[in-house]
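These are my notes from a first look through one structure. I wrote down each item as I looked it up.

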Amino acid sequence: MSPDGSRVVALAAGSVLQLVEPASGRVVRTLQEPSRDSDTDAKPTAVAFSPGGALVAAAFSDRRIGVWNAESGDRIATIAGHSEQFSALEFSADGTRLAAGSPGGGMRAWEFRSGRILANTDGGEGAVRSLAFSPDGHQLAWGAGPSLRVLDLPSGQLRVNLPVTPEIASVAFSPDSKRLLVSHTNGSTEIRDPVSGVPLEMLADGAKGNFPNGQAAFSPDGKLILAETRRGIVRVFDAGVLDVRPLPLRRGAALAVSVERVADALRGSGIQAWQAQSGQPLKEWKVQMGFPPVRFNADGTLLATAS
């Protein structure tokens, strides 16, 4: 979903992507398909909007990446020639750079309009599930399995390359770029110094279990953190002081987190949403579907799902 909630990316036929208006279901744009080397349809493996919503990027199973103008649908760039697929995409805050992570732990970053390569790192011991550019544009962080890596973009040097346990589920910078939020696959969440990688504060110790898609987010002012710390429990942290408000999420459900709201979707049971800080139920949708992904727009006013 675009940051303002006005567009969602949908797969039409083959490897053709469309931008759809969620309120009406109207197809706004059909994205020009990136050139490819074979006639075999390739499926998208990752999609990302730029922070302002002006651009959209998609990675495909044939190892291509396309970048489009979200308003006109024109293709701006095609990035190809890679040895592996990509499982995660992220734009920089100014929309000029794009980073991609692979299931094998590799990471690539480009100035995609010129094609200039900013970084090309080898694989790690596990998949890249999340990447994050710092808001000031100086750093790029990602987790490669049980390794935390932070690249200094002006110098091109890998400043942080630390073994961490367990594996990393997500990374996110604070709005001032001075803190790095790291969530792990056991539900533990910590704040680290992005320059040194040194832990600054442990927000939650985690639990036994596996949370490969655990999410965490800073509020725009950096004062609140929402994090999935156990299966079915989202916690709210205020200025580094634990302030737990457990929400009655359902075990095994897909999870969406925004700064203000939390939602889950469970096979055959529909979707539920809550106000994050108070735990007050907001809405319940009784719909029959498969195991659906759920995503909020930037301010949490719209929720998208697919079946």
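Entry 1, the model. I am working with a predicted model.

Entry 2, the sheet. I looked up the strand order and found an open sheet of four strands, β8-β9-β10-β11, with antiparallel pairing. I then checked the edges: β8, residues 88-91, and β11 each have a single partner strand, so one side of each is left without a neighbour in the sheet. I also noted the angle between neighbouring strands of this sheet, which is 15° on average, direction ignored.

Strand β9 covers residues 97-101 and runs antiparallel to β8, with four bridges joining the two. I asked which residue of β9 stands opposite alanine 88. I found glycine 101 there.

Entry 4, β10 and β11. I took β10 as residues 107-111 and β11 as residues 116-121; the two strands run antiparallel and five bridges join them. One pairing I wrote down is glutamate 111 with its bridge partner arginine 116 in β11. The two strands form a hairpin, and four residues lie between them. In that turn I looked at glycine 115, whose phi is positive, about 85°.

I next looked up positive phi values in residues other than glycine. Arginine 63 is such a case, with a phi of about 75°. I located arginine 63 in the loop between β5 (55-60) and β6 (65-69). Is arginine 63 buried, partly exposed or exposed? Its relative accessibility is 35%, so I list arginine 63 as partly exposed, since that class lies between the 20% and 50% cut-offs.

Serine 177 is not a glycine either, and its phi is positive, near 65°. I found serine 177 in the loop between β16 and β17, the latter being residues 180-184. I checked accessibility here too: serine 177 has 5% relative accessibility and therefore counts as buried, because buried means under 20%.

Which two residues does the cis peptide bond with an omega of about -10° join? I read off threonine 165 and proline 166. Proline 166 is in the loop that lies between β15 (157-163) and β16 (168-173).

Technical notes. Residues numbered from 1 in each chain as written. Predicted model: local features only at pLDDT ≥ 70, side-chain atom pairs only at ≥ 80, totals over all residues. Heavy atoms only, no water. Pairing = 2+ DSSP bridges. Axes fitted to C-alpha atoms, helices over the stretch in contact; angles between N-to-C directions. Buried < 20%, exposed > 50% of the residue type's maximum accessible area, 1.4 Å probe, protein only.
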